[in-house]
Amino acid sequence: MNEFEFFTPTNIIFGRGSISRVAVEAKKLGRRGLVVTDSGMLSAGLAKKVTDYLDKKGLTYFTWSDIVPNPRDVDIEKGAAYAVDKRIDYLIAIGGGSVMDTAKAIGAILTNGGKCSDWYEGNLEVPIAPLLCIPTTCGTGSEVTHESIVNNTKTMEKDCIWGAMNSVKTAIIDSQMIDKLPKKILASTGMDALTHAVEAYVCRAANPLTDAIALYAIQMIQKHLVLAVEKHDIESLDAMMAASTMAGMAFGNSDVACVHSISEALGGYYDIPHGVANAMMLAPVSRISVPGAVEKYADVARALGVDGAGLSEEELAYAGVEQMQKLADALEIPHFSELDMVKPQDFPRLAKTAANASETQDNPVIMEEQDFIQLFTELYENGTIEMRGKYE
Ligand SMILES: [Fe+2]
């Protein structure tokens, strides 16, 4: 068995209506807060839902909302300068992964100084400023991971500030925050959560603790994602919020793998939303990866509700891959070949970025640059890829 560490320092407060506790929890973290959010949260009234509680208790806070998906280093540094100017000592993030990652990175600069590029190698010197996260999607798990993904505007690639110093103090997880989430975003962020759980489970960095959490998250997502998107019922929304946090906890203590290597490359070059890129690539990359972890993909298939009667473990593993694609199709996730911005001349560049991503080394089957080019080409030309294993 691998040696492993399992580090989950975040206090998780879960439940419908739990945002009413935000002022009490915020008060424990500091005196001058910075609410980090985005314009969508402001216009949807979601940020106000939270700040009303802060106002009622008379807490001092400022707001930074200059954030776009796939956060860029230059924007984070502007936010950090604002935080320094306002003498902020703690942060509240209200939003999805981009907002939470930005808040962590602002918090990193606030206490460590410098700029984003000083802290990409897991070398933060002191903990980031105390951070309370309120996720408003059910996908990233960023409220419990120790990473902030940053778009490097010099290289056009994604870099990462990571490590135990980059942890969130408190997460308030309240499904009221996704009551009005558009179906498309619920679907793609839910598929991001599924990707986290699957990759955490099958990858080379997995351990028994993350396996247990990941597998149960897969079961919950299979049971509730489509219902949450179609019916928006409270039980399914609650389940998706819990599963998303669990999947974050799993991959934060294991790793992700080549689906993420690719989705980060696609996010960096084309600004494709992270969840959409993952959802598009989950089945194709899994199809390539099954030969490296047949038993584990068979477990994933069982967690996805596939009936394994009469199937070998290998057949079951591939049937699980089909189920992943069915789920993506049921949620109307576009196919790679349908995206206008994707151009074959970019494939070598995308492949190089994906091959160099650190998580690529943890994929069950090691993929080289050439394998990524072949994958992109097959998907672009045929809409699907051929089986790589023995089973056809
Ligand atoms: Fe992700």
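T37 counts as buried because 26 C-beta neighbours lie inside 10 Å, and the cut-off for a buried residue is 20 or more. The model is predicted. T37 sits in the loop between β2 (32–36) and α2 (39–43). Leaving aside residues up to four places away in sequence, T37 touches L42, A47, T63, S65, I94, G95 and V99. G58 is 21 residues from T37 in sequence. In space, the two are 20 Å apart, C-alpha to C-alpha.

**Domains**

The protein is divided into domain 1 (11–178) and domain 2 (183–382). Their centres, taken over C-alpha atoms, are separated by 26 Å. At the contact, 24 residues of domain 1 meet 29 residues of domain 2. On the domain 1 side, β1 (11–14) and β7 (157–162) each supply at least two residues. That side of domain 1 has eight nonpolar, twelve polar and four charged residues.

**Nonpolar core**

How many residues does the largest nonpolar core have? It has 130. Those with the most contacts inside it are L91, A93, A197, A217, I218 and L282. Helix α6 (residues 183–202) gives the largest share of this core, eleven residues. Domain 1 (11–178) and domain 2 (183–382) each give at least three residues to this core. In soluble globular proteins, nonpolar side chains tend to be buried together.

Not counting residues up to four places away in sequence, its contacts are L194, A197, V198, V300, A303 and L304. A197 is, like I218, among the core residues with the most contacts.

**Helix pair α9 and α10**

Helix α9 (residues 258–270) and helix α10 (residues 274–289) have axes that come within 8 Å. The axes cross at roughly 140°. The crossing of α9 past α10 is right-handed. The residues that make the contact are set out by helix below.

| Helix | Residues in the contact |
|---|---|
| α9 | C258, V259, H260, I262, S263, L266, G267 |
| α10 | H274, A277, N278, M281, L282, V285, S289 |

Which classes make up the contact of α9 with α10? Eight residues are nonpolar and six are polar, with no charged residues. L282 belongs to the α10 side of this contact. L282 is also one of the residues with the most contacts inside the largest nonpolar core.

Note on methods. Residues are numbered from 1 along each chain as its sequence is written. This is a predicted model: local features need pLDDT of at least 70, side-chain atom pairs count only at pLDDT 80 or more; totals for chains, interfaces and linings use all residues. Axes are lines fitted to C-alpha atoms, for helices over the stretch in contact, and angles run from 0 to 180 degrees between N-to-C directions. Helices (H or I, at least four residues) and strands (E, at least two) are DSSP runs, numbered from the N terminus. A crossing is left-handed if the near helix is turned anticlockwise from the far one by less than a right angle, and right-handed if clockwise. Two residues are in contact if their C-beta atoms, placed from the backbone, lie within 7 Å. Ala, Val, Leu, Ile, Met, Phe, Trp, Tyr, Cys and Pro count as nonpolar, Asp, Glu, Lys and Arg as charged, and the others, Gly among them, as polar. A nonpolar core is a set of buried Ala, Val, Leu, Ile, Met, Phe, Trp, Tyr and Cys residues joined through C-beta atoms within 7 Å. A residue is buried if 20 or more other C-beta atoms lie within 10 Å of its own, exposed if 12 or fewer, and partly exposed in between; C-beta atoms are placed from the backbone. Domain bounds come from an automatic or database domain assignment.
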